[in-house]
Amino acid sequence: MTVRVVLFDLDDTLFAHSRAVARGVAAYRLSHGGDLAAADDAVELARWSALEEHHYHRYLAGELDYREQRRHRARGFVEPYAIDLSSDAAADEWFGRYLIEYERAWLLFDDALPCLDSLAAEIPGVRFGIVTNAELPFQQAKLDATGLADRVEHTVASGDLGVAKPDPRIFAEAARLFGVDPSEAVYVGDRLETDAIGAADAGLTGVWLDRRHAATHDERARAEASGVAIIHGLVELTALLCAQA
Ligand SMILES: [Mg+2]
């Protein structure tokens with residue numbers, strides 16, 4: 001296998017999204033004061049994360065637009081409290097203040113830049129890109145803030161393309177932008193189906209980043225059936241790709 005391009009998912013693969021969400025939610029609740037500030041951290045984070053997962057997927061499925069999914073998340077979150085977000089303006093303002101705290105916590109995983117350095121050293125001429133299920137301006141701001149923008153050549157965002165992972169067309173578009181055959185590209189992401197199996201189905205080498213060592217027996221079997229390799233940290237990626245070369 002000749003690896004010419006290594007593509008990455010952004011959130012929870014290179015970029016520590018869940019950690020930023022946890023810090024953002026906690027900081028925002030504190031700044032809000034009252035019952036919201038006094039509530040249990042773990043319970044509130046779990047509620048927020050479940051609302052994000054639910055409504056973000058409705059957005060990816062085309063059921064809600066980008067702003068509507070944010071409003072639904074804000075309204076769902078304050079439901080147990082006496083906070084009125086019934087107007088769009090109130091919901092937008094609430095979400096905007098959460099975003100400020102989320103953005104303050106933006107950070108890459110410690111192994112992200114060392115992984116790119118290692119790949120560049122071991123695979124001469126390798127090029128990097130991002131394929132993300134999100135709106136490009138929001139993701140570009142993360143790349144700019146974390147120093148990734150200088151390292152990646154192309155970012156393909158579902159919001160621009162109109163199709164989302166695991167649709168094979170988004171992976172095919174990334175290969176086309178780089179001018180390589182899909183078989184010459186690797187895709188690494190933290191979601192087995194959406195990222196790794198989706199990429200493998202499009203003809204790329206799919207790699208599942210299971211940072212929490214949470215793979216079940218069934219998930220391992222599905223990964224193997226799709227030819228997807230499993231790694232537990234980005235530090236393992238270079239050795240994996242060099243071993244397959
Ligand atoms: Mg992800």
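Predicted model: local features only at pLDDT ≥ 70, side-chain atom pairs only at ≥ 80, totals over all residues.
Reader: Into which domains is the chain divided?

Author: Domain bounds come from an automatic or database domain assignment, and here they give domain 1 (5-16 + 107-244) and domain 2 (17-104). Their C-alpha centres lie 27 Å apart. Two residues are in contact if their C-beta atoms, placed from the backbone, lie within 7 Å, and 10 residues of domain 1 are in contact with six residues of domain 2.

Reader: At what angle do helix α1 and helix α3 pack?

Author: Helices are DSSP runs (H or I, at least four residues), numbered from the N terminus, and the axes are lines fitted to C-alpha atoms over the stretch in contact, with angles from 0 to 180 degrees between N-to-C directions. Helix α1 (residues 17-32) packs against helix α3 (residues 41-60) at about 115°, with the axes 10 Å apart. The contact involves V21, A22, V25, A26 and R29 of α1, together with D41, E44, L45, W48 and S49 of α3.

Reader: Why does L136 count as partly exposed?

Author: A residue is buried if 20 or more other C-beta atoms, placed from the backbone, lie within 10 Å of its own, exposed if 12 or fewer, and partly exposed in between. L136 counts as partly exposed because it has 17 C-beta neighbours inside 10 Å. L136 lies in helix α7 (residues 136-146).

How values were computed:
Residues numbered from 1 in each chain as written. Helix = DSSP H or I, 4+ residues; strand = E, 2+ residues; numbered from the N terminus.
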